[in-house]
Amino acid sequence: MIKHHNLLHIDFLKKLCTEIQKEKLDQALVEEKLTFLLDYYSVINFTAIKKNGLFFRARKLESTESYDHVKELGAPPVELTQVNRLNKALDPVYYLTQNMLCAFDEINATVGDRIQVIVYEPNENISPRFAVIGEKKNVFRRGVSKYSEEISKYITETLLSLFKQDQVAFQSYIYVDSFLSGLLNDENSSKSNYIHTQSLLRILQKKCPDINGFMYDGVASDGAINIALDVDIAKSFLKPIYTITLNILDKYDYGLYRYEIIKKSRVILNDGQILWK
């Protein structure tokens with residue numbers, strides 16, 4: 001059954017979203033307007049995630065040495081955590097992707113960089129709850145969800161129902177999701193100290209307190225899935241299975257790289273220590 005959606009008129013939405021996007025300094029004003037907007041936005045959230053998928057993090061190395069413990073490759077220590085896209089200062093999260101080359105994109109890898117990548121597999125006994133932003137507009141454009149058949153079916157049926165009832169409401173449903181997705185993957189958001197994504201984070205955490213993380217479209221890598229996961233649940237959900245150190249030899253367009261693996265782990269011990277081949 002398709003739930004009833006209380007939607008704002010698209011002409012009003014266009015004006016409101018433009019005002020939010022243009023405001024770069026007044027955090028309280030941005031938060032006030034976003035709070036109003038999110039009263040008319042249903043957050044898709046789910047626990048079902050591909051259990052056979054892998055998760056990647058990449059870190060640039062400043063010397064020829066590789067890190068010998070997984071803690072150096074995870075979220076930064078609390079005292080060193082700066083404000084970022086979906087975390088407050090002194091409140092670290094795990095930023096992940098499901099593709100190694102996309103992880104290179106997200107750290108702005110370039111020719112000559114020496115990078116250490118850590119690869120995790122999910123704990124099948126733990127199911128974090130993720131909020132997904134941007135998938136309504138993705139299903140509208142592609143006809144299928146990146147996440148699950150259930151989400152595809154739900155969004156497709158909702159779009160069809162809205163289109164039959166009221167085409168203005170149909171457009172509003174897509175418009176809000178597209179706008180919020182655009183805020184999340186704005187490459188220039190750091191220039192305004194993440195004022196929009198920080199406001200969005202606080203509001204969504206209040207609206208959906210049981211959410212453990214967010215999934216959203218790639219920022220530097222088009223079509224990728226970016227993940228921001230709560231540190232506490234990440235410790236039990238993510239199992240490090242191996243790490244590699246590599247050199248970036250060439251960088252091409254469209255997120256492609258030529259690289260040389262120079263070091264690979266033999267085993268990662270239960271205490272997080274890395275033993276190399």
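Predicted model: local features only at pLDDT ≥ 70, side-chain atom pairs only at ≥ 80, totals over all residues.

Author: Glu-31 counts as buried, at 16% relative accessibility; the classes used here are buried for under 20% relative accessible area, exposed for over 50%, and partly exposed in between (1.4 Å probe, protein chains only). Residues are numbered from 1 along each chain as its sequence is written, and side-chain values use heavy atoms, with hydrogens and water left out.

The partner of Glu-31 is Arg-202: their side chains meet in a salt bridge, with 2.9 Å from N to O. The term denotes a side-chain nitrogen of Lys or Arg within 4 Å of a carboxyl oxygen of Asp or Glu. Because Arg-202 belongs to helix 7 (residues 195-207) and Glu-31 to helix 2 (residues 27-38), the pair ties together parts that are 171 residues apart in sequence. Helices (H or I, at least four residues) and strands (E, at least two) are DSSP runs, numbered from the N terminus. Arg-202, at 23% relative accessibility, counts as partly exposed.

The whole structure holds eleven salt bridges. In one of them, Lys-60 and Asp-113 bring their closest N and O atoms to 3.3 Å. Lys-60 lies in strand 2 (residues 55-60) and Asp-113 in the loop between helix 3 (100-106) and strand 4 (114-122), so this pair ties together parts that are 53 residues apart in sequence. Here Lys-60 is partly exposed, with a relative accessible area of 32%, while Asp-113 is buried at 14%.

Arg-142 and Glu-135 also form a salt bridge, the closest N and O atoms being 3.9 Å apart. Arg-142 is partly exposed at 42% relative accessibility, and Glu-135 is buried at 1%. Elsewhere, Lys-15, Glu-19 and Lys-33 are linked in a network of salt bridges.

Disulfides (pairs of cysteine sulfur atoms within 2.5 Å) number zero in the structure. The sulfur of Cys-17 has its closest cysteine sulfur in Cys-208, 18 Å away, which is too far for a bond. Both cysteines are buried, Cys-17 at 2% relative accessibility and Cys-208 at 11%.

As for confidence, the mean pLDDT of the chain is 93, and 96% of its residues reach 70 or more.

Methods. pLDDT = per-residue confidence, 0-100.
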